[in-house]
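Subject: Handover of a structure

Dear colleague,

I am handing over the structure below for your records.

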Amino acid sequence: MTYVIHGATGAQGSPVVSALAAAGKPVTAVTRNEHTVVDGARVVAAAYSSAADLTAAYRGAAGVFVHLPVSSEEDRQIFAGNILTAVRAARPARVVFSTSGFPIDPAIGGAAATLAAGLADSGVSHAVIAPELYLENLLMPYVIDSVRERGVLPYAIRADFPVSWASHLDIADVAVALFERTDVTGVVSVGQYPAITGPDLAEAFGTRLGRDVVFEPITPEEMRVSIAPLLGEGAAADVAGVYQAMSAMPGRSIAPESSAQKLLGVTPRTTSQWLADIGV
């Protein structure tokens, strides 16, 4: 039985493939191109837009790791529906879903909430990984280039806004643990605890780079303009909308009682550890 990994060549899926392969687990990488080469995995071409493709990929799987791509909400709802159709038909032994920081509260709605609720009703063993914000967001050119060139870390949160930041590497660690720990179900929060602020991030970057770095809050609109060339106008607008909504929140801290630290004994990297791991 194999472990089926979505986005195996992307930021979230690739570390999961590497972690499973390092543990000697058989891995199947789901990609859009059957000729893609993924180290440590066999490759299956399957599209989120095809429930039939997904069903074939999931059938007989020991586990499935899935997350929804950054795209329009309309497409994400279609993808969530197809994933659920495939899970119900193929009945993989375990599904681990990363929310990628999107809300799963049914009162708020959205594709991630649809997928989380559907998995809970599917009768298939599952767990939901719930990160807050990704440290890898800080590697976007408008952020990391500013840090290196100006000693300024710009980001669309208030200076006093605490966040339980997590890395894609942390998500991989938790996903692998959840495939083993089938007794852990429901939502597992992933991120640093206690949560840290923008100036804390800047200090970690400064220590790593050996220079003074200060934090600079920017507006969601400024963020949208900066990321549109990378994500496209529609996706960038959606991301900016999320940050605009966040501006009214007190922070984004995980709940310790549902944390990976408590439920799995997996402690996410500090910002300094993450910077060292990725070689910044």
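Which residues have the most contacts inside the largest nonpolar core? They are Leu153, Tyr155, Trp165 and Met223, in a core that has 33 residues. Please bear in mind throughout that this is a predicted model.

Nonpolar cores

As general background, nonpolar side chains in soluble globular proteins tend to be buried together.

Leaving aside residues up to four places away in sequence, Leu153 touches Leu138, Val143, Val147, Leu201, Ala202, Phe205, Val213, Val214, Phe215 and Glu216. One of these partners, Ala202, has its place in helix α7. Ala202 counts as buried because its relative accessibility is 1%, and the cut-off for buried is under 20%. With the same exclusion of residues up to four places away in sequence, Ala202 touches Leu153, Val213, Val214 and Phe215. Between the C-alpha atoms of Ala202 and Gly101 there are 22 Å in space, and the two are 101 residues apart in sequence.

Helix pairs

Two packed helices are described by the angle between their axes and the distance between the axes. Two such pairs are reported here.

Helix α1 (residues 13-22) and helix α6 (residues 168-180) have axes that come within 8 Å and cross at roughly 50°. The angle therefore makes α1 oblique to α6, and the crossing is right-handed. On the α1 side, the contact is made by Pro15, Val16, Ala19 and Leu20, and on the α6 side by His168, Leu169, Ala172, Ala175, Val176 and Phe179.

For helix α3 (residues 73-90) and helix α4 (residues 111-122), the axes come within 9 Å and cross at roughly 10°. This angle makes α3 roughly parallel to α4. From α3, the contact involves Glu73, Arg76, Gln77, Ala80, Ile83, Leu84, Val87 and Arg88, and from α4, Ala111, Ala112, Thr114, Leu115, Gly118, Leu119 and Ser122. Here the division is eight nonpolar, four polar and three charged residues.

A buried serine

Is Ser189 buried or exposed? Ser189, found in strand β10 (residues 186-190), is buried, with a relative accessible area of 8%. Apart from residues up to four places away in sequence, Ser189 touches Ala130, Ile254, Ala255, Ser258, Ser259, Ala260 and Gln261.

Backbone details

- The peptide bond that runs from Tyr193 to Pro194 is cis, with omega near 0°; Pro194 is found in the loop between β10 and α7.
- Arg91, in the loop between α3 and β5 (95-98), has phi near 55°, a positive value in a residue other than glycine. Arg91 counts as partly exposed, at 43% relative accessibility.
- Ser100 is not a glycine, yet its phi is positive, at about 60°. Ser100 lies in the loop between β5 and α4 and is buried, with a relative accessible area of 17%.

Conventions. Residues numbered from 1 in each chain as written. Predicted model: local features only at pLDDT ≥ 70, side-chain atom pairs only at ≥ 80, totals over all residues. Heavy atoms only, no water. Core = buried A, V, L, I, M, F, W, Y, C linked by side-chain atoms within 4.5 Å. Buried < 20%, exposed > 50% of the residue type's maximum accessible area, 1.4 Å probe, protein only. Contact = heavy atoms within 4.5 Å. Axes fitted to C-alpha atoms, helices over the stretch in contact; angles between N-to-C directions. Helix = DSSP H or I, 4+ residues; strand = E, 2+ residues; numbered from the N terminus. Parallel < 35°, antiparallel > 145°, perpendicular 65-115°, else oblique. Left-handed = near helix turned anticlockwise from the far one by under 90°. Nonpolar A, V, L, I, M, F, W, Y, C, P; charged D, E, K, R; others polar.
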